Structures are given as C-alpha cells and as structure tokens.
Amino acid sequence: MQASGKLHIGNLVGALSNWVKLQEKYDCYYFVADWHALTTLYTEPESLRESTEDILINFLAADLDPEKCTIFLQSRITEHAELHLLLSMITPLGWLERVPTYKEKQEELRDRDLSTYGFLGYPLLQTADILIYRAKYVPVGIDQVPHLEISREIARRFNYLYKDIFPEPEALLTEFPKVVGTDGRKMSKSYNNAIYLSESPEEVKQKLMTMVTDPARVKRTDPGNPELSPVYQLHKIFSTKDEQDEIFKACVTAGIGCIDCKKILLRNVFAILEPIWRKRNELLRNPDILNDIIERGTRKAKTAVQETMQLVRAAMGLY
Ligand code: SF4
C-alpha cells in the first residue's frame, strides 16, 4: 500500500478487505510502500510520515492479523533497495519507459516534476519488492497487470542471465468495486471527495448526508433515477441486496426521500466503520503495540529476504 495519503473507505473495500481474506489462505507480506510514495511525494516528507502511520494503524484496525501475515515498512527492509539496484543493471531502459502508467501518471500529476530517475524506476522497485520474497502471487487489480508483466520479464531475464532463482509472479486478479466519492467521481484524495477511515463519526455523517444525489431529483415528489445517484452507488457496496432493491423501487416512485435514503446508507457504513474506529482508538492510545508489531514484522521480513539476497549476490559474482 503506497503511503501517498490517508486510507479511505475505497481502499478498505477495494484492497484491505480482500487482504484480510487472503491472510487465511496464503503466507502474505503486507507493507507500507513509503519509498514508492517518495517517487511522487519527495517534496512532502511530513505528509509521508502521516500517511505511513495512518496506513499502519488501519492495517491492524481493518483486521490484518500479525499472527497470520507479515506487516512491515518497506524502507526498513533495505534489501529491497539493494535488489532494486542489482536488477537495474539488467533492465533495459525501454522496458521501463513503455510501462503505460509512466506517461499517464506524469500527465495526471502535472503539478509535480516527475522527470526523475526514481519515478522512472518505480516498476523496478515494485519488481524488487515482489521478487525478493520469491512471491508466487500478487493480488492486483486489472490496471496493475502491466506492472506485473514487467516483473515477470525481469525475473525471466535474471534467471536466464544467471541462475534460476526467481519464480515468475502471477496476478491474483481481484475485482475492486468502483467506489465513488461524495461528488460522484471516483473516490480519491486528489478530488477531495473521500471518506477517510481516520475521520470521526460526525465528519463521516456530515459528508454522507450532504452527498450528491440524482441531480434531476429536485423536489421530494420527483421520482429519481438511482443509477444516476452516487448515493445509490454506495448502497450497492454497503447495503444488502434486499435494501438495494427496496431503495431502487422507492426512489423511482418517489416513495422515499433522499434524506431517509442517506440515513440507511449511513447506518450501514457506520456498521463497518465502528469496529475500525474502536481498534484505531485503542492503537492510538497504545502506540507501543503498533511499534511492537512493526518490529516483529520487520524481523520476519528481514529473515525472509536474507536467503534470496545471498543467492542473488553470489549469482551476480559479488564476492
Ligand atoms: S432516494 Fe436515494 S438513490 Fe434516489 S436520488 Fe435520493 S439519494 Fe439517490
């Protein structure tokens, strides 16, 4: 999870909830990618620190269990950087330049100077993150598949040039529900439309109750079109199928007002967030617990990467 902002409910239902399920089935490594965040946020160290802490707390609050998976900080396992460097020796520049998100993201973040070596090398750092654990699967959304493809190519190239050390990682394709923000666009920190896990119940309530609805539904007596209402898009994620059906019918016949409709959504979102808020508060009151968990995860991850790095160094002729 890249530390480029606080986590919002889109991150929760898109990634974290899936990770919680995966920890039951696989030997999972989950980390806060703080170096990755620096590829675009290198002028904002304060916000990096804040995001890192927020993500770590939310990992635990959302039920990632340090007994079942390994939780750590990327920058604490410096071997990721070593492998990044070593892989950079064998990675053709063209492979990095043709990753589609390279140009797209530069366009998207025009206000930042991303003509840096670190930004170009982002997919290579990600490759090192994966290969260093000789990972078999990476849980990704469809838009991340090109990044994984380059990791597979680099693994092949390394194995061909030196020694068969790296399995080619496969995508564990995850369907992320599209979560809209309070203005109906994709939920994103940059659109200022997100509902954050760190927000108070009052803040969440205020954001949901003032959320955009079907813009054509002006009066209570106007029938609405739920498909054009961002509120209904959130019902599709947070409400039961029966509730969704009832709301749909009531909306198109003007049988429910938008305020009552939002109250149902609020209740369902709160049901998911309340246990997270409880655990967050507990962790904020006891930061030692968080530090202990990170230390434990760091030790475990360190042990896991040592063997890979010994093999890599030897294969590349390092004395
Ligand atoms: S009743 Fe609900 S779904 Fe229909 S427009 Fe209002 S908020 Fe949206």
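Which residues form a nonpolar patch on the surface, and about how much accessible area do they have together? In this predicted model, the patch consists of Tyr160, Leu161 and Tyr162, and its accessible area comes to about 350 Å² in total. Leu161 belongs to helix H9, which covers residues 145-161. With a relative accessibility of 39%, Leu161 is classed as partly exposed, because this class lies between the limits of 20% and 50%.

Turning to helix packing, two pairs can be described. Helix H2 (residues 34-41) packs with helix H3 (residues 45-61) at an angle of about 150°, and their axes are 10 Å apart. Angles over 145 degrees count as roughly antiparallel, and H2 and H3 are therefore roughly antiparallel to each other. The crossing of this pair, H2 and H3, is right-handed.

The other pair joins helix H4 (residues 79-88) and helix H8 (residues 122-131), whose axes lie 8 Å apart at an angle of about 120°. That angle makes H4 and H8 oblique to each other. A right-handed crossing is found for H4 and H8.

A further residue worth a look is Arg285, located in helix H13, which spans residues 258-285. Is Arg285 buried or exposed? Its relative accessible area is 62%, so Arg285 counts as exposed, the cut-off for that class being over 50%. Computed along the sequence is not the whole story, so to speak, and a spatial separation can be given too. Between Arg285 and Ala128 there are 157 residues in sequence, and the C-alpha to C-alpha distance in space is 35 Å.

Technical notes. Residues numbered from 1 in each chain as written. Predicted model: local features only at pLDDT ≥ 70, side-chain atom pairs only at ≥ 80, totals over all residues. Heavy atoms only, no water. Patch = residues over 30% accessible without salt bridge, like charges linked within 9 Å, V, L, I, M, F, W, Y side chains within 5 Å. Areas by Shrake-Rupley, 256 points an atom, 1.4 Å probe, with all protein chains shown as cover. Salt bridge = Lys/Arg side-chain N within 4 Å of Asp/Glu carboxyl O. Helix = DSSP H or I, 4+ residues; strand = E, 2+ residues; numbered from the N terminus. Buried < 20%, exposed > 50% of the residue type's maximum accessible area, 1.4 Å probe, protein only. Axes fitted to C-alpha atoms, helices over the stretch in contact; angles between N-to-C directions. Parallel < 35°, antiparallel > 145°, perpendicular 65-115°, else oblique. Left-handed = near helix turned anticlockwise from the far one by under 90°.
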